[in-house]
Amino acid sequence: MPRFLMAFAGALALALGLASVAEAAVRIKDIAGLQGIRDNQLVGYGLVIGLQGTGDSVRNSPFTGQALQSMLDRLGVNVRSETLRTRNVAAVIVTADLPPFAGRGSRIDVNVASLGDATSLLGGTLVVTSLAGPDGQVYALAQGRLNVSGFSIQGDAERVTQGVATAARIPGGALVERLVPDQLASLHVLSLELRNPDFVTAARVAGAINAYTKKQYDMAAAFATDHRTISLTKPLQLSTARFIAEIERLSIEPDSPARVVVDERTGTVVIGRDVKVSTVAVTHGNLTVRVTETPTVSQPEPFSNGETVVTPRTTVDAVQGNGRLAIIQGANLHTLVRGLNQIGLKPNGIIAILQAIKTAGALQADLVVQ
């Protein structure tokens, strides 16, 4: 082989190796967050108007009528002595997540869900609604046109429904009116919290941070307290925001326990990278039983006093498919998947085999059945 081809092959192999390492490593900010910095949940009660006769009926949802009367009173319209029969209004619950460090005047997304017997919120508009936190303080005001992903159409003899027509979303539909107290300034102890707790991952995060801080600031700044928390010590010459920004961009390779997740309802099987199977021999055969009912009618002779009766006739057919014996061993994920594919099974068969292998003690992983 010419030298330039050998050099090119070596460079390509090195590039592929570096790419695989880069793909395995993730940033610390993607697997951990600063403990104490979190979203805050907001909730409010409001009215949706502009519906095409698909709103709440006041008789079945009296709270809708009360809310409508209160809203009109605030607008200077007195309808206390009137009986409201509109079907263009629906009572809804509005929820939102207020992110940390959200400034006054910034917009956040809101979710809207029907509270009464409305059949659809399509085409509706949310009237200004106060969103309060657990402390009872109003932190945002929501208003805007609803985005409904589903629809419901009903006739005299048929109804067509797709998705959920009684729930909607308003992107950027709420304005922040009150600032949350500065969570970063109130933190006396800095700690990182892993989203997927693991002792190995916590140790790797602490090691990566210490390697960086020893090189830059000549100090060890991280200590793994447990499988979830990594305590931090901030250098004196840095602000908290600058220190967190520097360590969040560090990359490590996270670890996770070997796990197989099975969803029997949808036939979904998810196998983790570190799942291993001891050598086992597996055979799987399908048994199909078909029962057919073909009743016959027995007529009496003419001018006799007999009665017409129905004579049952049942046909039972049992068919058992051929089962192939295969040896499955999984030193790694690719070998395990290749062994399962050799049997040629549907997802339900693979689920049954994995459960049987776990019972036999050959599946070296946690089996989670949902």
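Modeller: A salt bridge here is a side-chain nitrogen of Lys or Arg within 4 Å of a carboxyl oxygen of Asp or Glu. This is a predicted model, in which local features need pLDDT of at least 70 and side-chain atom pairs count only at pLDDT 80 or more, while totals for chains, interfaces and linings use all residues. Residues are numbered from 1 along each chain as its sequence is written, and side-chain values use heavy atoms, with hydrogens and water left out.

By the salt-bridge rule the count comes to four, and I will describe three of them, starting with Asp30 and Arg27, whose side chains meet at 3.1 Å, N to O. To place such residues I use relative accessible area, where buried means under 20%, exposed over 50% and partly exposed in between, with a 1.4 Å probe and protein chains only. On that scale Asp30 is partly exposed at 42%, and Arg27 is also partly exposed, at 39%.

A second salt bridge joins Asp109 to Arg169, with the closest N and O atoms 3.0 Å apart. Asp109 lies in strand β5 (residues 107-114) and Arg169 in strand β10 (residues 167-176), so this pair ties together parts that are 60 residues apart in sequence. Strands (E, at least two residues) and helices (H or I, at least four) are DSSP runs numbered from the N terminus. Both partners are partly exposed, Asp109 at 36% relative accessibility and Arg169 at 37%.

The pair Arg242 and Glu246 forms a further salt bridge, in which the closest N and O atoms are 2.9 Å apart. These two residues are four apart in helix α5 (residues 240-248), which means that about one helical turn separates them. An α-helix has 3.6 residues a turn, so residues three or four places apart point the same way. Glu246 is buried, its relative accessible area being 4%.

Another charged side chain, that of Arg178, lies over the face of Tyr139, at 5.9 Å from the ring centre; a charge sits over a ring if NZ of Lys or CZ of Arg is within 6 Å of the ring centre and within 35 degrees of the ring normal.

Ser61 lies in the loop between β3 (40-49) and α3 (62-74), and Ser61 counts as buried because its relative accessible area is 2%. The side chains of Ser61 and Asp117 are joined by a polar contact of 3.3 Å, a term for a pair of N or O atoms within 3.5 Å where, within protein, one must be able to donate a hydrogen and the other to accept it, and where residues adjacent in sequence count only if both atoms are side-chain atoms. Leaving aside residues up to four places away in sequence, Ser61 touches Asp56, Gly116 and Asp117, contact meaning heavy atoms within 4.5 Å.

Some loop residues have a positive phi. Phe101, in the loop between β4 (90-98) and β5, has a phi of about 65° although Phe101 is not a glycine, and Phe101 is exposed at 55% relative accessibility. Asp218, likewise not a glycine, has a positive phi of about 55°; Asp218 is found in the loop between α4 (199-217) and β12 (222-224) and is exposed, with a relative accessible area of 70%.

A glycine with a positive phi, near 80°, is Gly361, which follows α7. Gly361 sits in the loop between α7 (347-359) and β23 (363-364) and is partly exposed at 47% relative accessibility. The C-alpha atoms of Gly361 and Ser278 are separated by 8.4 Å, although these residues are 83 apart along the chain. In α7 itself, the buried residues are Gly349, Ile350, Ile351, Ile353, Leu354 and Ile357.

Among contacts between residues at least 6 apart in sequence, 67% join residues at least 24 apart.
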